[in-house]
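Let's walk through this model together, from its surface to its core and its aromatic rings. Here it is.

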Amino acid sequence: MATQEPSGAPSALTSSALAAIRRTSAVDTVRARISLAVDLGLLAPGERLPNVQVTAAALGVGEITVRRAFGTLEREGVVERRPGRTGGTFIAERPRRRTVAQVAAYREDSERVHRLIDERIVLEAGFAHLAAERLDRNGLDRLDQCIREMDAAESWAEFHASDQRFHLALAEGAGLSAALAMYQRVTGELYAYFLPYPMGYLRSSNEQHRAIRAALGARDATLAAGLLRDHVAELHHSMYVGLTDAAERGDDG
């Protein structure tokens with residue numbers, strides 16, 4: 001779940017009144033995220049979900065929470081579970097849609113999510129500018145390792161873990177501990193809203209990581225900052241807030 005702010009921090013992030021998902025149980029947030037991903041076409045009928053342990057790590061909840069969420073989603077007709085060596089949890093062939101009422105909490109928080117994305121843009125573009133000057137060989141090697149892990153990822157959950165490590169390694173490369181703490185609060189809040197993505201989209205995202213890494217290796221601070229800004233700004237359109245807006249407008253794709 002989302003990280004907790006230090007007491008007394010005067011930030012919008014500390015206000016539970018602004019975060020509808022904070023009034024939603026852990027089980028129901030998992031149900032809502034998977035159901036919303038199905039509604040938006042991010043998870044396809046028949047698609048296999050990562051196992052409980054991997055899903056729990058990706059969504060920031062306990063394994064028992066995921067098991068309970070999967071059980072409820074099965075009863076609701078969103079997923080089906082199959083026994084045996086080739087079994088697991090799959091999106092139903094004809095999943096029921098818009099059955100999880102708690103999805104409303106995510107829609108209610110749309111404005112807040114856009115604000116968190118803007119905060120992340122400001123922080124990460126600045127980090128990239130400084131990291132282009134300060135990242136040493138070990139720092140660049142960490143980014144390369146994350147990119148390789150994302151190339152090899154077999155599920156959105158595995159990809160998400162390596163993606164987090166890539167962005168954190170870049171932020172750490174700027175060498176600003178106070179700003180890094182702020183960044184971790186922002187991303188901790190924002191990651192609570194991430195949904196599963198199709199692997200094709202994630203592969204394309206990793207090409208952007210590769211371009212950012214190349215700019216950092218070339219010590220091109222302006223290019224690195226611009227690429228990072230554009231990479232994060234895309235979340236306004238690719239996260240559920242942008243996808244639901246497009247669906248309501250009837251946009252193609």
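The chain exposes about 11900 Å², and carbon and sulfur atoms supply 51% of that area; areas come from the Shrake-Rupley method with a 1.4 Å probe, and for residues only the protein chains shown count as cover. Please keep in mind that this is a predicted model, where local features need pLDDT of at least 70, side-chain atom pairs count only at pLDDT 80 or more, and totals for chains, interfaces and linings use all residues. Residues are numbered from 1 along each chain as its sequence is written, and side-chain values use heavy atoms, with hydrogens and water left out.

Of the 253 residues, 50% count as buried (under 20% relative accessible area; exposed is over 50%, partly exposed in between; 1.4 Å probe, protein chains only). The chain has 12 helices and two strands, taken as DSSP runs (H or I, at least four residues, for helices; E, at least two, for strands) numbered from the N terminus.

Tyr193 is in contact (heavy atoms within 4.5 Å) with residues including Ala19, Arg33, Asp109 and Met239, leaving aside neighbours within four places in sequence.

Tyr193 also belongs to an aromatic cluster with Tyr106 and Tyr240. The structure holds six aromatic pairs. Rings of Phe, Tyr and Trp (its six-membered ring) pair if their centres lie within 6.5 Å; planes under 30 degrees apart count as stacked, over 60 as edge-to-face and the rest as tilted. Here are two of the pairs:

| Pair | Centre to centre | Angle between planes | Type |
|---|---|---|---|
| Phe127 and Tyr183 | 5.6 Å | 85 degrees | edge-to-face |
| Tyr191 and Phe194 | 5.3 Å | 55 degrees | tilted |

Phe127 in helix H5 and Tyr183 in helix H8 (residues 177-191) are 56 residues apart, so this pair links distant parts of the chain. Phe127 counts as buried because its relative accessibility is 3%, and Tyr183 is buried at 2%.

Finally, look at helix H10 (residues 221-233). Its buried residues include Ala221, Leu228 and Val232, and what covers the buried residues of H10 includes helices H5, H7, H9 and H11.

How values were computed
The expected span of a helix is 1.5 Å times one less than its number of residues.
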